[in-house]
Amino acid sequence: MNFIFLGPPGAGKGTLAAQVASEYKIPHISTGDIFRENIKNQTELGKKVKAIIDAGGLVSDEITCQLVQDRIAKDDCKNGFILDGFPRTIPQAEMFEKLKGDVKVVNFEVDDELIIARLSNRRICRACGAIYNIKFHPTKVEGKCDACGGELYTRDDDKLESITNRLKVYREQTEPLIGFYRKLNKLTDINSARDSSEVLVDFKKLYPTK
């Protein structure tokens, strides 16, 4: 099965994607990972992306779609994939419909208040990258990683001003995709204002494995 996960930052898309990828044996693909991989491997498209990013520009919809198309053509996507962070805009969605129309779109529903609580309280370990939430999933020792004892920090994009801006960008650019896919009868809403284990149970009921 091919999935597109939609929802605002902090909706839990990445967490559920990792669980679904493991259970359904399909890759979890984010556009950020695709960009980094192509830049690292110095592919032709990767060189174009690097030049655009270095110049402070935005990667075009055409290049983004081409990178995604190349990625889902790989062998590990034969049984399906999860796209997280793509498409971001209506033009990207329209292009992707022509490339790959057989997708199921899952919309993660959660209110802004919970998103802000999730993201603003998120902490990352500098040493091992483990993720915690000082409100919902605190460490045993304040400011220290349970796994390795490393120092915890707040990412710049998890600071309140940045969260507010990310939500604004999502509302303007990406939220219209909900209506786009609903018109195509491809969209299913899922309540993600719960523990990820509960969300996974609902997901598996909606999309049972064969």
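Which residues is N38 in contact with, leaving aside its neighbours within four places in sequence? I looked this up first.

**Conventions.** I worked on a predicted model, in which local features need pLDDT of at least 70 and side-chain atom pairs count only at pLDDT 80 or more, while totals for chains, interfaces and linings use all residues. Residues are numbered from 1 along each chain as its sequence is written, and side-chain values use heavy atoms, with hydrogens and water left out.

**Entry on N38.** I found N38 in helix α2, residues 31-40. I take helices (H or I, at least four residues) and strands (E, at least two) as DSSP runs, numbered from the N terminus. Apart from neighbours within four places in sequence, N38 is in contact with T43, G46 and L67; contact means heavy atoms within 4.5 Å. N38 has a relative accessible area of 14% and is buried. I use buried for under 20% relative accessible area, exposed for over 50%, and partly exposed for values in between (1.4 Å probe, protein chains only).

**Entry on α3.** I next examined helix α3, residues 44-54, where L45, G46 and V49 are buried. They lie on the same side of α3, because they cover an arc of only 100 degrees around the axis; the arc is that of the directions from the helix axis to the C-beta atoms. I noted that the cover over the buried residues of α3 includes α2 and α4 (61-72). The exposed residues E44 and D54 sit on the face turned away from the buried side of α3. After α3 comes G56, with a positive phi near 80 degrees.

**Entry on the sheet.** I traced an open sheet of three strands in the order β6-β5-β7, with antiparallel pairing. β6 (131-133) and β7 (152-153) are at the edges with a single partner strand each, so one side of each has no neighbour in the sheet. Two strands pair if DSSP finds at least two bridges between them. Strand β5 (residues 122-125) pairs with β6 over three bridges, in the antiparallel sense. R123 stands opposite Y132 in β6. Helix α6 (residues 112-120) packs on the sheet and touches β5 and β6.

**Entry on the cysteines.** How many disulfides does the structure hold? I found zero, a disulfide being a pair of cysteine sulfur atoms within 2.5 Å. For C128, the closest cysteine sulfur is that of C145, at 3.7 Å, which is too far for a bond. C128 is partly exposed, at 44% relative accessible area, whereas C145 is buried, at 5% relative accessibility.

How values were computed. Axes are lines fitted to C-alpha atoms, for helices over the stretch in contact, and angles run from 0 to 180 degrees between N-to-C directions.
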